[in-house]
Amino acid sequence: MFVVNKKQKFAGLIWMFALLSVAFASAAPAAQPAPRSNGLAQTPPVGWSSWNNFGDDINEQIVIETIDAMIANGMRDAGYVFVNLDDGWQRYKGARRDHPLEFDPKKFPRGISYLADYAHQRGMKLGIYSGPGQTTCAGYTGSEGHEAEDARMFANWGVDHLKYDSCCSHREAPKEELQKIFRTMSNALMTQKHGIVLHACHCGWGDIWEWAAGLGVNHWRIGQDISDDFNYPGNREQYYFDVLDQLDRGVGLEKYAGPGHWNDYDMLIVGLDGQSKQLVGTGASNIEYRTHFSLWAMVSSPMLVGADVRKLDQYSLETLTNKEIVALNQDPAGNIAHKVRDDGDLEVFARELADGSHAVLLLNRGAATATMTFSPRADLQAPMDRYSIRDLWKHRDLGTYDIPFTTEVQSHEARVFRIRQLATSANGRSVSDAAEQELAR
């Protein structure tokens with residue numbers, strides 16, 4: 001007969017509880033790391049980036065002319081303050097072990113700090129580019145092994161934004177390796193007195209949205225590179241995402257974004273018109289570009305224009321400088337639009353804004369004009385018995401409603417509205433003449 005004394009029994013119980021604790025810990029979902037804040041990007045960065053139009057063929061004159069153009073054409077006053085240099089500002093091509101990281105004196109004879117000062121004096125900010133490898137995507141010297149040195153140099157230059165691009169490498173790498181890459185640069189930037197927004201450009205692999213905010217990253221790419229297409233069948237070259245691909249990629253990721261840390265749907269293609277020297281795609285229609293812009297604003301993606309802003313046509317400029325749409329993107333509450341209804345090709349997205357009003361977007365993905373209806377009660381579960389509605393593209397108040405709102409939406413169009421709850425009317429139904437006209441449209 002086997003006899004267990006009290007000490008053995010107690011030890012066995014401790015061991016059993018330890019095993020149960022391990023089992024429960026492995027079964028429970030992993031806690032999300034709390035965002036580590038550098039205090040920057042409380043709203044998504046809005047501005048311009050050089051790559052999609054110029055590639056590595058950039059220089060001081062282009063940057064200065066871009067800053068001047070954004071002031072002259074109203075983009076700065078509409079909120080576009082970042083002017084970001086992408087790959088190609090560096091002096092050397094080749095591995096970092098063989099070359100220092102310096103600016104190209106032929107392209108930038110007065111240096112990067114001159115451009116930063118030029119931007120700052122005009123109420124704008126300057127961004128720069130590097131990567132965690134020995135070389136960057138275009139083959140220039142990268143920052144591997146020199147993160148602290150490079151962060152200090154960028155800060156001394158007065159740089160305000162860093163796109164840190166892994167070139168979609170490490171696709172199969174463990175998350176721990178990916179986290180180390182971006183943590184190292186984030187730590188280096190956070191030791192600088194001059195704050196620098198950090199963009200982790202990594203194609204959305206490794207579930208980056210789950211952990212990037214915990215490392216102090218301000219925005220991270222959720223998918224592969226965007227193409228200059230609204231709805232291309234499949235993925236161009238089995239890689240590029242069109243506008244609707246990027247939109248669908250973000251569904252379900254809303255909870256990871258907020259002030260200081262944002263899901264990045266990639267750069268705006270408005271104004272490229274299929275003429276990009278760097279980006280694949282045949283271009284989109286004016287309506288499709290406007291829909292793309294509306295969607296990026298609603299989901300609070302950073303909005304960095306890739307076109308040559310010195311040569312924008314009037315329609316593209318009016319699209320980009322719609323202050324009512326930009327205001328949705330820059331709303332201080334930082335809420336992300338959710339898809340609240342999906343009727344096949346007809347989708348409704350909505351988000352609450354800081355002042356208690358709601359932004360509503362009606363998207364028609366189909367090939368024909370469709371009639372769409374929106375109900376605050378059904379779609380928002382909000383008891384709005386009476387509400388006002390404003391069309392943010394027509395800049396027009398449509399009146400007061402106590403019934404669902406109905407309108408026509410063209411193929412590939414997104415109509416965007418701002419609705420506000422009103423006190424219940426004492427005399428029952430109240431719909432304005434303007435609203436009746438809209439219903440009959």
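**View 1. Helix H6 passes helix H7 in a right-handed crossing.** In this predicted model, a crossing is right-handed if the near helix is turned clockwise from the far one by less than a right angle, and left-handed if anticlockwise. The contact involves Glu147, Ala148 and Ala151 of H6, with Thr184, Met185, Ala188 and Leu189 of H7 (contact: heavy atoms within 4.5 Å). These residues divide into 5 nonpolar, 1 polar and 1 charged. Here Ala, Val, Leu, Ile, Met, Phe, Trp, Tyr, Cys and Pro count as nonpolar, Asp, Glu, Lys and Arg as charged, and the others, Gly among them, as polar.

**View 2. The axes of H6 (residues 147–157) and H7 (residues 175–190) come within 8 Å.** They cross at roughly 40°. H6 is therefore oblique to H7 (under 35 degrees is roughly parallel, over 145 roughly antiparallel, 65 to 115 roughly perpendicular, the rest oblique). Axes are lines fitted to C-alpha atoms, for helices over the stretch in contact; angles run from 0 to 180 degrees between N-to-C directions.

**View 3. An open sheet of 8 strands has parallel pairing.** The order is S7-S6-S5-S4-S3-S2-S1-S8. Strands S7 (262–264) and S8 (303–305) stand at the edges with a single partner strand each, so one side of each lacks a neighbour in the sheet. Neighbouring strands are turned by 25° against each other on average, direction ignored. Pairing requires at least two DSSP bridges; helices (H or I, at least four residues) and strands (E, at least two) are DSSP runs, numbered from the N terminus.

**View 4. Strands S2 (residues 82–84) and S3 (residues 125–130) run parallel, joined by 3 bridges.** Asn84 has Gly127 of S3 as its bridge partner.

Residues are numbered from 1 along each chain as its sequence is written, and side-chain values use heavy atoms, without hydrogens and water. Local features need pLDDT of at least 70, side-chain atom pairs count only at pLDDT 80 or more, and totals for chains, interfaces and linings use all residues.
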